[in-house]
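Subject: Handing over the structure

Hi there,

Here is the structure I promised to pass on to you. Please have a look at it first, and then read on for what turned up in it.

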Amino acid sequence: MSPDATSPHPAVGAGSAAGLGTAAIASSGPADDDAVRLTRHVVADLHHELVRNGLVAWTSGNISARVPGTDLLVIKPSGVAYDDLTAETMVVCDLAGAKVSDDLSPSSDTASHAYIYRHMPGVGGVVHTHSRYATAWAARGEPIPCVITAMADEFGGEIPVGPFAPIGGEEIGRAVVATLTGHRSPAVLLRSHGVFTVGATPRDAVKAAVMCEDAACTVHLASLAGQVAPLPADQIDALHRRYQNKYGQRSRLPPVSAAPNPQGGCE
Ligand SMILES: [Zn+2]
């Protein structure tokens, strides 16, 4: 799928590490403190959406958010049960991935989340899961073809596959940025690993993770019974444009919550 001017992720480089200079700037006043406090609540609450939508097992998966107006991010602590996640247990880090206060140890993917924020300045939220159908595609190293309208709407084309990358450093972040650059999809399958999604807000990134798993399941089921045909490029473009610019309540109503799916996946 060709790049598109309506891509949700601005070009790589505008927020490069070189441009940050003072990436380790921490909260510096009451307004920043309020922003950090609010972001802690938002990120903690969104983690429960991962459970409600059946996207995570045990303590796998994580969400982070950029703290608006600061060079900080908030992310899930490492290895803590979802039932125990609260605003207070969230971890505040700088955009180099270093903890800035006396919080728990952050997710082992923190350096990669930080890399994504440094290199994709329009991204306000990042989600990582090992959701089962999408990860099955990742295990095969196969992109999910754009064969249904819901994929054209949300992803603007296929969901691409990025290279395998080791866990713990910023290599996963590099793979995510390299794969999503020039692509309309907010989701990438990391080979032999799982899913990363990005969004202008952390809620947008969670939505992309939910939609990615739903598409992975549907296209998998369709593929079991025969060949699936990608939608024509012009139809994908038209669907994506309509969904991104016209769909939904644009001014009068607050965003609708994602519908809980306690069953998870498509079972
Ligand atoms: Zn993982």
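A word on terms before the tour: two residues are in contact when they have heavy atoms within 4.5 Å of each other. Please also keep in mind that this is a predicted model.

If we set aside its neighbours within four places in sequence, Val 127 is in contact with Leu 50, Asn 62, Ile 63, Val 195, Phe 196, Thr 197, Pro 202, Ala 205, Val 206 and Ala 209. Val 127 also belongs to the largest nonpolar core, which has 23 residues. Together with Leu 50, Ile 63 and Val 206, Val 127 is listed among the residues with the most contacts inside that core. Helix H2 (30–52), strand S1 (62–66), strand S2 (72–75) and helix H7 each supply at least two of the core's residues. Which of these elements gives the most to the core? That is H2, with six residues. There is also a second, separate core of 22 residues, and Val 91, Cys 93, Leu 95 and Val 123 are included in it.

Stepping back to the chain as a whole, you will find eight helices and seven strands. Of its 267 residues, 48% count as buried. If you take the contacts with a separation of 6 or more, 68% of them are between residues 24 or more positions apart.

Now to Val 126, which sits in strand S4. Val 126 is buried, with a relative accessible area of 0%. Val 126 and Gly 199 are 73 residues apart along the chain, yet their C-alpha atoms are separated by 6.6 Å.

Gly 124 lies in the loop between H3 and strand S4 (125–129), and it is buried, with a relative accessible area of 11%. Beyond four places in sequence, Gly 124 is in contact with Ser 64, Ala 65, Arg 66, Tyr 117, Gly 199, Ala 200, Thr 201 and Pro 202.

Helix H3 deserves a look of its own. Why is H3 described as largely enclosed by the rest of the structure? Because nine of the 10 residues of this helix (residues 110–119) are buried.

Next comes the metal site. The zinc ion has His 128, His 130 and His 193 as its protein donors, each through its NE2 atom and lying 2.0 Å from the ion. Along the chain, the donors follow the spacing H-x1-H-x62-H. How do two of these histidines compare in exposure? His 128 is buried, with a relative accessible area of 2%, while His 130 is partly exposed, at 35%.

There is one cavity of 30 Å³ or more in the structure, and about 40 Å³ of space lies in it, the largest cavity. Helix H5 (149–155) and helix H7 (202–224) are the elements that give two or more residues to its lining. The lining is made up of Ile 148, Ala 150, Met 151, Phe 155, Met 211, Asp 214 and Ala 215. By type, that is six nonpolar residues, no polar ones and one charged.

Last, two backbone details. Trp 58 has a positive phi, near 55°, and is a residue other than glycine. You will find Trp 58 in the loop between H2 and S1, where it is exposed, with a relative accessible area of 79%. Ser 192 is not a glycine either, and has a positive phi of about 60°. Ser 192 is in the loop between strand S6 (187–190) and strand S7 (194–199).

Enjoy exploring it!

Best wishes

Notes
Residues numbered from 1 in each chain as written. Predicted model: local features only at pLDDT ≥ 70, side-chain atom pairs only at ≥ 80, totals over all residues. Heavy atoms only, no water. Donors = N, O, S within 2.8 Å, 3.2 Å for Na, K, Ca; no water. Buried < 20%, exposed > 50% of the residue type's maximum accessible area, 1.4 Å probe, protein only. 1 Å grid on protein atoms, 1.4 Å probe; cavity = no way out; pocket = protein on both sides within 12 Å on 5 of 7 lines; lining within 4 Å. Points joined across faces, edges and corners; volume = space filled by probe spheres on them. Helix = DSSP H or I, 4+ residues; strand = E, 2+ residues; numbered from the N terminus. Nonpolar A, V, L, I, M, F, W, Y, C, P; charged D, E, K, R; others polar. Core = buried A, V, L, I, M, F, W, Y, C linked by side-chain atoms within 4.5 Å.
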